[in-house]
Amino acid sequence: MINLFSEGAYLVNGTTLVKESEKEKLNQMTGSVPAKEDASKQTIAYGILKDHNTSGNMEKLQIKFDKLTSHDITFVGIIQTARASGIEKFPVPYVLTNCHNSLCAVGGTINEDDHMFGLTAAKKYGGMYVPPHQAVIHQFAREMLAGGGKMILGSDSHTRYGALGTMAMGEGGPELVKQLLNRTYDINMPEVIGIYLKGKPVKGVGPQDVALAIIGAVFDKGYVNNKVMEFVGPGIANLSADFRIGIDVMTTETTCLSSIWKTDDTIKEFYEIHGRKEEYKELNPGAVAYYDGIVEVDLDQIQPMIAMPFHPSNTYTIQEVNENLEDILADVEKRAQVSLDGAVDYSLRDKIRNGRLYVDQGIIAGCAGGGYENICAAANILKGTSIGSDEFTLSVYPASTPIYMELVKNGAVASLMETGAIVKTAFCGPCFGAGDTPANNAFSIRHSTRNFPNREGSKLQSGQIASVALMDARSIAATAANKGYLTAATDVDADDFIPKYHFDRTIYENRVFDSKGVADPSVEIQFGPNIKDWPEMPAFPEHMLLKVVSEIHDPVTTTDELIPSGETSSYRSNPLGLAEFALSRKDPAYVGLAKDIQKAEKALEEGKDPAEACPEVKDILEAVTAAYPQVNNSNLGIGSTIFAVKPGDGSAREQAASCQKVLGGWANIANEYATKRYRSNLINWGMVPFIIDEGELPFKNHDYIFVPDIKKAIVDKLTEIPAYVVYEDGLKEIQLKLGELTDDEREIILKGCLINYYRG
């Protein structure tokens, strides 16, 4: 099904792979063996990055994006930061969508206040505003923003439009602020991994099946981590535009940096259908292109897949699950005890009924599942059936109102509703826990993007847990047709005809505010009582004393665990209010411990004795000053840190870092960071992203770590820094690593955060 090359490879004429070690074969085919460095420049990714790089150095990129996009749990903070830095006009097209807090059902007027903030900001600074229920962020971008050879930056991790020839990246809000202030996105030239598709999917296999097969093959190995996935090969021609889009959006779950696909007449037709034919650009790799690795995907062999709880990489074929129910469910239960820290009783094997797996809920939604073809295929499978009157429910969310309108016109909505399914408006809620939260201990199958613990909205702190497995819309429909018993779409016989799609942009013309890039300075921004400014951030100290306030030994820690989604989204515009939820599902003691040690830092800032505000630091400070008498209240910073093995998988949300910062966080310590975007968020919020070697941890939770001359170490560009675990009777030396930092990143940390950096 999936083959990972153990070496780089050349792609000849877009069709034939030649491994790097097979240079004689390459010579026979082409008459020469180009230098790897030259052939690397023949990838599609290299060309697009070169066109957008402003540094003049293709090893150290400084990227300016063509367009930006955010949704309603990120754009308030971004615009507030940009306002604090003096923005007068959006310098590039910036689209504000409202697809996360759409329901306006939690917290009184909190959510709609955010929306009105967005509308008035779009008017004042010259942006676009997409009202709630019109489109999920990524579908609107596909329909109205993407363009061949363009680059888009979004404050959502699933910003992926590679199938349309657009290299898109999802990052934390501060990276969008940089673009709004005419700064650049600075990265080293990434490696490019060829995703070589061959063959054709069998009937019943959908894009989520292909995506999950790839994720399952590459995630644990880190094969594409922080690299660009470039889709090539003859199999692409056998996939519709919607099918390609459905695979592409899930590339985020591999932890890759971005994605790009070769384009053809199928994508040209997509742009024509959407009235934007001028945006199409044919993209192909050069005659001989070199890739740093290859993921070879035989589409003929892909079977209906399922990603079991609690990660998109926990993949099996549906057939495997049905044939090995007891063993696989027992394994998931065992894994769950690690993910859930044994906080709740968790069982899946009680879902076995008469030897089959019973599912309580099905969801087809969002940027991954809500596409036109996915829903048409589901309607075909369900036509003339019933989902039954037992526990099982089915909800379908088309990804945009134009898709919804076309599904109404062609009868698909009627076919779905006749079965007992409910068809709802465009909304991302089921993907992050703000809608369709299952019952306690329920099992939900979803064509959405993630299935992390509690991502569906349950609360460990309230003793709740529900499970989500990811599947393709087709197999969800097959399961629904069997009234909740897990079924692969390849096991049912259904019409596979998909009516031609007709895009009607009338609803957008009637409802979407588009300034056409013209700012109106006379507009007053509309605020609500929940929209708060960022608190003042202290300057970076010469020496640093850190208290470890959380210790997480899970193999991977997601941003959902660092700052939960769901109901917390209502507080994304209120930094201090949101911070109260930090690590609340993973480590409920974190907030209190962080606040306690923050009292010492606030005392320092006020010129007071930190030991009076936080008595436990008295003996610690005495031990520090005994060894380092130059340390005093004027050059010391006191704050908190957390240790996690591999934090930052999942969402791009900057709040995973900013919540730590406003609670007095000065650093994170990890064996490695799961994604570039989380590490960038830490840096942009003025926190040091320390690395420590794997193995026995030289400190424990509640220990203090003293880092002398940290400011000088950053100025001097040190990559390894001596630090000390502080005990009442002395100091024990350890080594902390910094990893590579750009000059701007060092300056941001030294200023205390990105806001301070822009304020000068």
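**Helix packing, strand pairing and backbone geometry**

In the contact between helix 25 and helix 26, residues A656, A657 and Q660 of helix 25 meet Y678, N681 and L682 of helix 26. The model described here is predicted. Two packed helices are described by the angle between their axes and the distance between the axes. For helix 25 (residues 655-662) and helix 26 (residues 676-684), the axes come within 8 Å and cross at roughly 30°. Angles under 35 degrees count as roughly parallel, and helix 25 and helix 26 are therefore roughly parallel to each other. The handedness of the crossing between helix 25 and helix 26 is right-handed.

Parallel strand pairing is found around strand 6. Strands of a sheet pair through backbone hydrogen bonds, either parallel or antiparallel. Strand 5 (residues 67-70) runs parallel to strand 6, and three bridges join the two. Within this pairing, L68 stands opposite Y94 of strand 6. Strand 5, helix 4 (residues 75-84) and strand 6 together form a β-α-β unit, which is right-handed. Strand 6 also pairs with strand 7 (residues 128-130), again in the parallel sense and over three bridges. Here V95 has M128 of strand 7 as its bridge partner.

In a regular strand the side chains alternate between the two faces of the sheet. In strand 6 (residues 94-97), Y94 and L96 point one way, whereas V95 and T97 point the other way. All four of these residues are buried.

Antiparallel pairing occurs in an open sheet of three strands with the order 3-2-14. Strand 3 (16-19) and strand 14 (288-291) stand at the edges, each with a single partner strand, so one side of each lacks a neighbour in the sheet. From one strand to the next, the twist averages 25°. Strand 2 (residues 9-12) is joined to strand 14 by four bridges, and the two strands run antiparallel. One of the bridge pairs places A9 with Y291 of strand 14. Helix 1 (residues 23-30) lies across strand 2, strand 3 and strand 14, and runs at about 140° to strand 3.

Particular backbone geometries occur at several loop positions. P309 and F310 are joined by a cis peptide bond, for which omega is about 5°. F310 is located in the loop between strand 16 (305-307) and strand 17 (315-317).

Positive phi values are present at N354 and at D709, neither of which is a glycine. Phi is near 50° for N354 and about 55° for D709. N354 lies in the loop that links strand 18 (352-353) and strand 19 (356-357), whereas D709 is placed in the loop between strand 32 (704-707) and helix 27 (710-715). With a relative accessibility of 77%, N354 counts as exposed. D709, by contrast, has a relative accessible area of 35% and is partly exposed.

Technical notes. Residues are numbered from 1 along each chain as its sequence is written. This is a predicted model: local features need pLDDT of at least 70, side-chain atom pairs count only at pLDDT 80 or more; totals for chains, interfaces and linings use all residues. Side-chain values use heavy atoms; hydrogens and water are left out. Buried means under 20% relative accessible area, exposed over 50%, partly exposed in between (1.4 Å probe, protein chains only). Two strands pair if DSSP finds at least two bridges between them. A crossover is right-handed if, with the strands pointing away from the viewer, the path from the first strand over the helix to the second runs clockwise. Axes are lines fitted to C-alpha atoms, for helices over the stretch in contact, and angles run from 0 to 180 degrees between N-to-C directions. Angles under 35 degrees count as roughly parallel, over 145 as roughly antiparallel, 65 to 115 as roughly perpendicular and the rest as oblique. A crossing is left-handed if the near helix is turned anticlockwise from the far one by less than a right angle, and right-handed if clockwise. Contact means heavy atoms within 4.5 Å.
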